[in-house]
Structures are given as structure tokens and as C-alpha cells.
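I will write down what I look up, one stop at a time.

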Amino acid sequence: MRHIVLLFVAVAFTFSNCDAQLGKLLKQAGLGEVSTDDVVSGLKEALVNGTSKGSDLLSARDGFYKSIYKIALPSDAQAVVSKVKMVPGFENVENDMVEKINRAAEDAAVKAKPIFISAIKQMTVADAWSILKGEKDAATQYLTRTTRTALYSEFKPVVVESLNKFGALDYWSTAVKSYNAIPLVKKANPDVADHVVNKALDALFRTIAIEEANIRTNVAFRTSDLLKRVFAKQDK
């Protein structure tokens with residue numbers, strides 16, 4: 001009887017080891033269940049990749065100025081442009097200002113990456129699972145919710161500094177004052193920095209949304225084993 005019990009123990013131990021080895025092999029092959037740690041790490045990797053690409057794209061020369069993200073003057077500025085371009089010194093006011101504000105946005109985009117990465121590091125387990133099983137832009141929504149206020153605070157002084165570097169704020173302020181001096185016109189606001197900051201942030205989050213959609217829908221964009229395993233879970 002004692003020998004039979006020992007035999008059963010030995011068999012059980014053998015199958016237990018086999019199961020463990022099989023699980024290990026399945027995981028290595030990307031076929032096993034992903035762990036919570038995998039999900040958190042995978043989402044963080046995807047977000048770092050997406051935010052880095054977006055920031056690098058927009059902070060490059062002409063990342064705004066000669067791209068689909070080009071920032072136009074605010075709509076209420078068109079009234080100013082139409083009037084003051086007849087004034088000597090302001091003939092090219094719109095083209096001049098559009099280039100200046102887009103250069104400012106390119107300068108500011110450099111500031112985005114460390115703020116995004118800081119927010120990504122604070123992602124919780126609940127955040128990660130919610131993003132993985134959420135809407136197609138759930139990660140972008142998460143970053144918008146957790147970083148937009150901080151990004152605005154960081155961007156505003158950089159944009160102002162950049163606009164000042166090219167004399168854009170003084171130039172525009174003078175143009176607006178000339179416009180406001182015209183009888184019966186609706187007074188315009190000379191502050192263009194807020195407009196530039198918000199448009200720059202909109203563009204950043206759009207680039208992140210595109211990268212997120214690529215990772216979610218195209219296996220080729222899952223550039224590591226971890227990304228492949230984690231987003232395979234989302235595919236189910």
C-alpha cells in the first residue's frame with residue numbers, strides 16, 4: 001500500500017512539473033494568459049511609444065507649419081487681418097503671424113514628452129485594464145484627462161517666449177490696436193498665445209490617437225513581444 005501511495009505522489013509531481021513547463025512554454029510563445037503586470041507594462045510601453053512619436057513629429061522643423069497640423073489664426077483675427085493689411089508695415093500680417101505661431105508650437109512640443117511619461121508612470125492596474133478593454137482611443141482619453149492641464153501650464157510660457165523671440169506678440173498687439181482704433185469695429189483680443197497653446201495640444205493628442213489606433217488594429221505596429229501578447233488579449 002505504501003508503495004502505491006508513493007507511486008501516485010510521484011505521478012502527480014511529474015504531471016505538475018509538466019503543467020508548469022507547458023505554461024512556461026505557452027507564455028514564451030505568446031499563447032498563454034497575460035498577467036496583470038504584463039498588461040500594465042504593455043500599456044505603458046505603448047503609451048511611451050505613441051507620445052514620443054507624436055512629440056518628436058511635431059517638434060521637428062515644419063512639424064506644424066508644413067503639415068496637416070498647421071495652426072491658423074483664430075477666426076476673430078480674420079477681421080483684424082482684412083483691415084490692417086492695408087496699413088503700411090502690415091501687408092503680410094497673416095502669413096507672418098501664421099509662421100510665427102507655428103514655430104512657437106514646434107518649440108513647445110518638445111516639452112510634451114517628459115510630462116506624458118510622468119503621467120504614464122502613475123498608471124494604475126485599474127487604468128491599464130480599463131484602457132486595454134476600452135474604446136479605441138481609451139489610452140488617448142486617459143492621457144487627455146491626466147496631462148492636459150499640466151501640459152497647458154508648461155506650454156504657455158514656452159509659446160509666449162517663442163512668440164516674443166520673433167517679435168510676434170508685439171507685432172500682433174500693434175496690429176490689433178490699429179484695428180481697434182477703427183471706428184465702429186468690434187474690439188479684438190490681442191492675446192493669441194492661448195489659441196496657439198490649445199491648438200498645439202489638440203495636435204499632440206491627435207497624433208497619439210493615430211498611434212494608439214495603429215497598435216490596436218495592426219499587428220505590425222506591435223514592435224515588441226510584450227506588445228504582441230498584451231494586445232492579442234484585446235483582439236479576442
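**Entry 1: helix 4 and helix 8**

I looked up how helix 4 (residues 93-109) passes helix 8, and found that their axes come within 10 Å and cross at roughly 145°. I noted that axes are lines fitted to C-alpha atoms, for helices over the stretch in contact, with angles running from 0 to 180 degrees between N-to-C directions. The crossing of helix 4 and helix 8 is left-handed; that word applies if the near helix is turned anticlockwise from the far one by less than a right angle, and right-handed applies if clockwise. Helix 4 brings Val93, Asp96, Met97 and Lys100 to the contact, and helix 8 brings Ala168, Tyr171, Trp172 and Ala175. Contact here means heavy atoms within 4.5 Å. I sorted these residues by class and got 6 nonpolar, no polar and 2 charged. For the sorting, Ala, Val, Leu, Ile, Met, Phe, Trp, Tyr, Cys and Pro count as nonpolar, Asp, Glu, Lys and Arg as charged, and the others, Gly among them, as polar.

A reminder to myself on the source: this is a predicted model, where local features need pLDDT of at least 70, side-chain atom pairs count only at pLDDT 80 or more, and totals for chains, interfaces and linings use all residues. Residues are numbered from 1 along each chain as its sequence is written, and side-chain values use heavy atoms, with hydrogens and water left out.

**Entry 2: the whole chain**

How many helices and strands does the chain have? I found 10 helices and 0 strands. Helices (H or I, at least four residues) and strands (E, at least two) are DSSP runs, numbered from the N terminus. Buried residues make up 40% of the 236 residues, where buried means under 20% relative accessible area, exposed over 50% and partly exposed in between (1.4 Å probe, protein chains only). I also looked at contacts between residues at least 6 apart in sequence: 80% of them join residues at least 24 apart.

**Entry 3: helix 3 and helix 8**

Back to helix 8 (residues 168-180), this time with helix 3 (residues 77-84): they pack at an angle of about 80°, with their axes 9 Å apart. Helix 3 and helix 8 are therefore roughly perpendicular to each other. I wrote down the cut-offs: under 35 degrees is roughly parallel, over 145 roughly antiparallel, 65 to 115 roughly perpendicular, and the rest oblique. On the helix 3 side I listed Ala77, Ala79, Val80, Val81, Lys83 and Val84, and on the helix 8 side Trp172, Ala175, Val176, Ser178 and Tyr179. This contact of helix 3 with helix 8 divides into 9 nonpolar, 1 polar and 1 charged.

**Entry 4: helix 2 and helix 9**

Next I took helix 2 (residues 36-59) and helix 9 (residues 193-217), whose axes come within 8 Å and cross at roughly 135°. That makes helix 2 oblique to helix 9. Their crossing is right-handed. From helix 2 the contact uses Ala46, Gly50, Thr51, Lys53, Gly54, Ser55, Leu57 and Leu58, and from helix 9 Ala203, Leu204, Thr207, Ile208, Glu211 and Ile215. By class, the contact of helix 2 with helix 9 has 7 nonpolar, 5 polar and 2 charged residues.

**Entry 5: single residues**

Is His195 buried or exposed? His195 lies in helix 9 and is buried, with a relative accessible area of 16%. Leaving out residues up to four places away in sequence, His195 touches Ile71, Ala72, Leu73 and Pro74.

Thr140 sits in helix 7 (residues 138-165) and counts as buried at 7% relative accessibility. With the sequence neighbours up to four places away left out, Thr140 touches Phe205, Ile208, Ala209 and Glu212.

Asp62 is in the loop between helix 2 and helix 3. Its phi is near 70°, a positive value in a residue other than glycine. Asp62 is partly exposed, with a relative accessible area of 22%.

Thr124 is in the loop between helix 5 (112-121) and helix 6 (125-132), and counts as partly exposed at 38% relative accessibility.

Last, I found Lys233 in helix 10 (residues 225-235), where it counts as buried at 17% relative accessibility. Lys233 and Val39 are 194 residues apart in sequence and 9.1 Å apart in space, C-alpha to C-alpha.
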